[in-house]
Amino acid sequence: MTALWTLSLLLSASLLGCLAVTSPDGSPLPHNLPPSLGTNSSDGSLSVDLPMALRVFSMDYHHVQAPFEIVLWIMLASLAKLGFHWSGRVPAVVPESCVLIMVGLLVGGVIYGVRHSAPPTLSADAFFLFLLPPIVLDAGYFLPGRLFFENLGTILWYAVLGTLWNVLGIGLSLYGVCLLAQSSLGDVSLLHCLLFGSLIAAVDPVAVLSVFQEMQVNEQLHILVFGESLLNDAVTVVLYKLFESFLRLPSVSGLDVLLGGCRVVVVGIGGLCVGLFFGLLAALTSRFTSRAQVIAPLFVFLYSYLSYLTSEMLHLSGIMAIVTCAATMKQYVEANVSERSKTSIQYFLKMWSSVSETLIFTFLGVSTIQDIHMWSWPFVCSTLLLCLIWRATGVLLLTAFVNKLRRNAVTFRDQFIIAYGGLRGAICFSLVFLIDDFPKKRLFITTTIVVILFTVFVQGMTIKPLVELLYVKRKKRALPTLSEEIHSRLIDHLVAGIEDVVGYWGQHYWKDKFEQFNKKYLRRFLIRNDRQASSSILRVYQELERREQRGVEEEAPPIVDPRSQGRSLLPEEMESIRRILSRNLQNFNNKTPAYSRHTLHQDTSVDRTRKPLYRHQSLGERYSYNTITHFQTQLARLRLDQWIQKLLEKT
């Protein structure tokens, strides 16, 4: 542990020495010039003379300055992260993001003390074009699809309406504060307050993920917070650019506001379409990589990054594009590439996102040491208080409406964690530097830094004790068994059949229709013929085996013979699978009571006045509805029996 921190300090000293090899005006000093080179001309200009003798050793630092300093920064941040995980009980008390920011503050303070000038800052272009895409790509590629789409309505409710609630609430409230403090804040306009509200309402997925992954909260709470923070960024960036465009107009009319609303919709849907296009293109390309499996993982990164850059070029939502691209291509790419390629994709994505996350938090601390700070107690304290109040009220009001439509209601404890987990990070820090110069820009920068440090340190360090104090449900550490997966799919098919019978087009109905379309068209077109799975049970079993193997870190990745992918299963392999299925199903039946639709007791507490659901009917069909009710009931029972019989045959 001591050796790691000593090595980090040595790297910091090396980095300081590299940064010090500059002249007072910022231009590099010619340390690499040989002694025979100098200012020989009369006007003082540099003239090059031929060396008098061959030099055995020379140094040309400025030839490798940029990549050398980048490698040193990455090495310093990685060693700080490594030292954090070897620091005993510190990871159980302090989040990783807090330690990295403290390391950045220390390095920035040392650089400022040595050079007597501001340390290098993290530019907005470097953040949005190089550091943010790997993190969002990792989040989209490993997105739990089932949980995400089951809670998609709630996530969109929080991300879209919740973000608008926070932006307008914080912006208008801060404008009221500026009107009350005319002497010091009188030159801040309404549009500037709305612009600042749009960037300060950005919940950073980097900070949220780094904290919530350590707490291991339950799946529903994690997907709600993670999905809301992921889509919240797309909404806040769009609103930020919208208010920035309003500020550059001489006057804002009602037509401009209407066009701005249309622009928000176009930017979101456009990014979704761009990501869908590149995701399908990546899946189609991976179909033809059987003879060049080495470069198969490369297409995952290239097409994802290309979707992000294309969206940014077209002024669309790059975050929406890269998330959609990653979620679209995952199932098809993993079906086409080999096991070694899957392992390479997974580990490289995790490594790339971890390095980007480490650099972001380190540079947040380094960039805090600046000469451009401006302080205003009313503005800073009001911003902190308003961020907490408007997020809490927004979560409570939106959840009260959402719980009326959800089967699994969001509990008050989960609502408190969602409201308290609104951590700010590098996104609002990068956006605040993009604001056009005006007298109070330095005040906006200072307030943003204070909000980031408060949310990451205070809320990030206290949220874990609050989760334990409130007894929030934790995540199941055990992987699901094969019988659980099979019964889960059986219930999904059964509910979809019931929805189809009664004419209710719910999420299971549309999910079943998409699965049929996917199996009939997309998988046949995007997946190679020798990779088409003949049985869904075998596909589930293989996926569970891969999950279990990824969970055991000591075991090496499996080596799969590509020649055996297209062969049929041997009789002893089929018998082994039958034994596994029989044992798991027998264990499940021993623990779970069996149910039959003929022996179920009728629930007298159910309200019988509720009308049955049926499809939209014409006037003639609606007139004859009462005359064929008995016939439809018998037909529904017959179709249910047929559905159950087909499902039993499949399993």
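Predicted model: local features only at pLDDT ≥ 70, side-chain atom pairs only at ≥ 80, totals over all residues.

Biologist: What do Tyr141 and Phe142 form?

Modeller: An aromatic pair, edge-to-face. The centres are 5.3 Å apart, with 80° between the planes. That counts as edge-to-face because the planes are over 60 degrees apart.

Biologist: How many aromatic pairs does the structure hold?

Modeller: It holds 22. Ring pairs also link Phe196, Phe379, Phe438 and Phe444 into a cluster.

Biologist: Switching to helices. At what angle do H9 and H11 pack?

Modeller: About 165°, with the axes 8 Å apart. H9 covers residues 190–200 and H11 covers residues 219–248. The angle makes H9 roughly antiparallel to H11. Their crossing is left-handed.

Biologist: Which residues make the contact?

Modeller: From H9, Leu191, His192, Leu194, Leu195, Ser198 and Leu199. H11 brings Thr236, Leu239, Tyr240, Phe243, Glu244, Phe246 and Leu247.

Biologist: What is that by class?

Modeller: Nine nonpolar, three polar and one charged.

Biologist: Last topic, Gln415. Where does Gln415 lie?

Modeller: In helix H17, residues 412–420.

Biologist: Why does Gln415 count as buried?

Modeller: Because its relative accessible area is 9%, and buried means under 20%.

Biologist: What does Gln415 touch?

Modeller: Leaving out residues up to four places away in sequence, Gln415 touches Val395, Leu396, Thr399, Asn403 and Val410.

Technical notes
Residues numbered from 1 in each chain as written. Heavy atoms only, no water. Helix = DSSP H or I, 4+ residues; strand = E, 2+ residues; numbered from the N terminus. Buried < 20%, exposed > 50% of the residue type's maximum accessible area, 1.4 Å probe, protein only. Contact = heavy atoms within 4.5 Å. Axes fitted to C-alpha atoms, helices over the stretch in contact; angles between N-to-C directions. Parallel < 35°, antiparallel > 145°, perpendicular 65-115°, else oblique. Left-handed = near helix turned anticlockwise from the far one by under 90°. Nonpolar A, V, L, I, M, F, W, Y, C, P; charged D, E, K, R; others polar. Phe/Tyr/Trp six-rings, centres within 6.5 Å; stacked < 30°, edge-to-face > 60°.
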